[in-house]
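Colleague: I'm new to reading protein models, and I'd like to go through one with you. Could you put it up and pick a starting point?

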Amino acid sequence: MDFLEYTRKLDREDPLAKFREEFYLQPNTIYMDGNSLGLLSKRAERTLLHTLEDWKEFGIDGWTQGRQPWFYMSEKASEQLAPLVGASPEEVIVTGSTTVNLHQVVATFYHPKGKRTKIVADELNFPSDIYALQSQLRIHGFNPEEHLVRVKSHDGRYLAEDDIVEAMTDEVALVILPSILYRSGQILDMKYVTAEAHKRGILIGFDGCHSVGSIPHSFSEWDVDFAFWCNYKHLNGGPGAVAGLYVNRKHFGVLPGLAGWFGSDKQKQFDMEHTFMSAGNAGAFQIGTPHVLSLAPLIGSLEMFAEAGIDTIRSKSLSMTNLFIQLIDTELAGMGFTIGTPREEAVRGGHVGLEHKEAARICKALKENGVIPDFRAPNMIRLAPVALYNSFEDVWNVVQMLKTIMEEKQYEKYKNERDVVA
Ligand SMILES: *Cc1c(COP(=O)(O)O)cnc(C)c1O
C-alpha cells in the first residue's frame, strides 16, 4: 500500500471524520491555519443566523426571548466551555477578548506589597500579553523594565520549567505564562509550575489561546488561579469571537479589578443600584454588554466539541502531527527544514512549526498552491492540522506540495518578507 492509500485508510477509520462536512472548506484548498482562525461551521452559522432572526423579530425582547436569549448567552457558552478547560461552569465566563481578560486578571489579582512587586512572564510570549503587562505595571507606578521578569529561552523555541521556577523569587507577586507557546507549540507543565508558584505564595495563571479546544486541561484540579483565552482559534467561534476567562472558585467573591454592570448578580442587575452586587462567580468578571453577534457562533461550534469529546480530538491531533513530523523527516530531508516543535507527544500542542530560512516566501508559494499555513517571523511556517476538519490525506498533500515547491524552487518568485497580516 502506498502512503497516500495509507492516509486514506486512516481517514476511513477516523471517528471524527464526519465533522469535516460540517465545515465550510473551500474547493482546491487545504486549510492549515486553524490555530490562527478556525473555520466557519454550519452550526456556528446557524446559531448566528438564529440570533439575527431573534433581533429582527423581538427587538429589545431578544435579551430574554427567542431561541437563545442574549442575557444568558455568555453563561450558556461558559457551560459548554467548562469541560474543555477542566472547570465547573461557574468558574468559566465567556466575555471580553484575550487581551481585555488579561487586563482584568492583572487588575484583579496583582497586589504588589513590600518587595513583592514583580510579574513573571517569558521572553517568547505573545506581544499583546507583554504590552498588557507592561501597561498594568505602569498604572501601578512601576517601571516595566525592572518589574516585568521575562524568563529566558535557551534556544529561542522552548522554555524550561526549572527556569520558570527559578524566576519565582520572593520579589514576585504574579506569574502569567502561555499554556502552549504560540510559535513552537510547546505545552508547559501547568500542574507543576502552578504547584511551585503556590509553594512560594505566588498567584499564577495561563494564556490558553493555543490550547483551549486543542488539548484537555484540568485547571481546577491543578489549582490554577485564573486563565484566559480566545475562542476564534481552535474553537472556531469566528473572527474576534468573545473570549474565555477562568477564575478558580477559591477566588469567588474577590472584587473585579475592572468592574461593570454585567458582572452583577443577574437577578439584581436591573435594579440599577449604585452598589455593585457581584455575580459571585466567574461571571463577576464581565464588564459591559456582551458582543452578542460575536458570541452566537460559538454556541453552535461548541456543540461539536461536546459531541466529539476533547480526548478524541487530542488523540487525532497527535496522530496528525506525528504523521506530519514523520513525513517531513522522510520526504523533505536535506531541503533545509528544521522541526521547531517538540517531538515528544506529551509536550506537543496542536501545530507543527517548520523552520526554514526562506520561510516567508515558502509560505507565499504554499498559498499560491492552495495550502493555507501561517508565517511567524523570522523563519517559521506553522501548520495546524485540526482534528475536526482536516484529514490525514491533507497532511500528506501538504508535505507533497512543500516537496514540489522546494524541488522546483517555486518560492524564488516571491520576496522573502511577510505580508501585513501574516
Ligand atoms: C491569539 C493570541 C492573542 C490574541 O489576543 P486578542 O486579544 O484576541 O487579540 C493573545 N495571546 C496569545 C498567546 C495568542 O495566541
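Modeller: Let's start with Pro378, which sits in the loop between strand E12 (374-376) and E13. Keep in mind that this is a predicted model. Look at the peptide bond from Ala377 to Pro378: that bond is cis, with omega near 0°.

Colleague: Now the big picture. How is the chain divided into domains?

Modeller: There's domain 1, made of 3-31 + 309-406, and domain 2, which covers 47-307. So you can see that domain 1 is written as two stretches of the chain. The C-alpha centres of the two domains lie 29 Å apart. In the contact, domain 1 takes part with 27 residues and domain 2 with 21 residues.

Colleague: How do I read the area buried between domain 1 and domain 2?

Modeller: Think of it as surface that two parts lose on being put together. Here that area is about 2,000 Å², and carbon and sulfur atoms give 57% of it. On the domain 1 side, Phe19, Ile310 and His351 lose the most area to domain 2, together 23% of what that side buries.

Colleague: And what holds charges across that boundary?

Modeller: The general idea first: side chains of opposite charge can pair when their charged atoms come close. Between domain 1 and domain 2 the count is one salt bridge. The side chains of Arg157 and Glu355 meet in a salt bridge, at 2.6 Å from N to O. There are also eleven residue pairs in polar contact across the interface of the two domains.

Colleague: Which elements give two or more residues to the domain 1 side that touches domain 2?

Modeller: Those are helix H11 (310-331) and strand E13 (380-383). H11 gives the most, with four residues. By type, the residues on that side divide into twelve nonpolar, eight polar and seven charged.

Colleague: How many salt bridges turn up in the whole structure?

Modeller: A search of the whole structure finds 26.

Colleague: Last one, the ligand. Which residues surround the ligand?

Modeller: Among them are Ser97, Phe126, Asp207, Cys209, His210, Tyr232 and Lys233. Thr98, Thr99 and Asp129 also belong to that list, and for these you can look at individual distances. The side chain of Thr98 has an N or O atom 3.1 Å from an oxygen atom of the ligand. For Thr99, a polar side-chain atom lies 2.6 Å from a ligand oxygen atom.

Definitions and conventions. Residues numbered from 1 in each chain as written. Predicted model: local features only at pLDDT ≥ 70, side-chain atom pairs only at ≥ 80, totals over all residues. Heavy atoms only, no water. Contact = heavy atoms within 4.5 Å. Buried area = accessible area lost by both parts, 1.4 Å probe. Salt bridge = Lys/Arg side-chain N within 4 Å of Asp/Glu carboxyl O. Polar contact = N/O pair within 3.5 Å; in protein donor to acceptor, adjacent residues only side chain to side chain. Nonpolar A, V, L, I, M, F, W, Y, C, P; charged D, E, K, R; others polar. Near = heavy atom within 4 Å.
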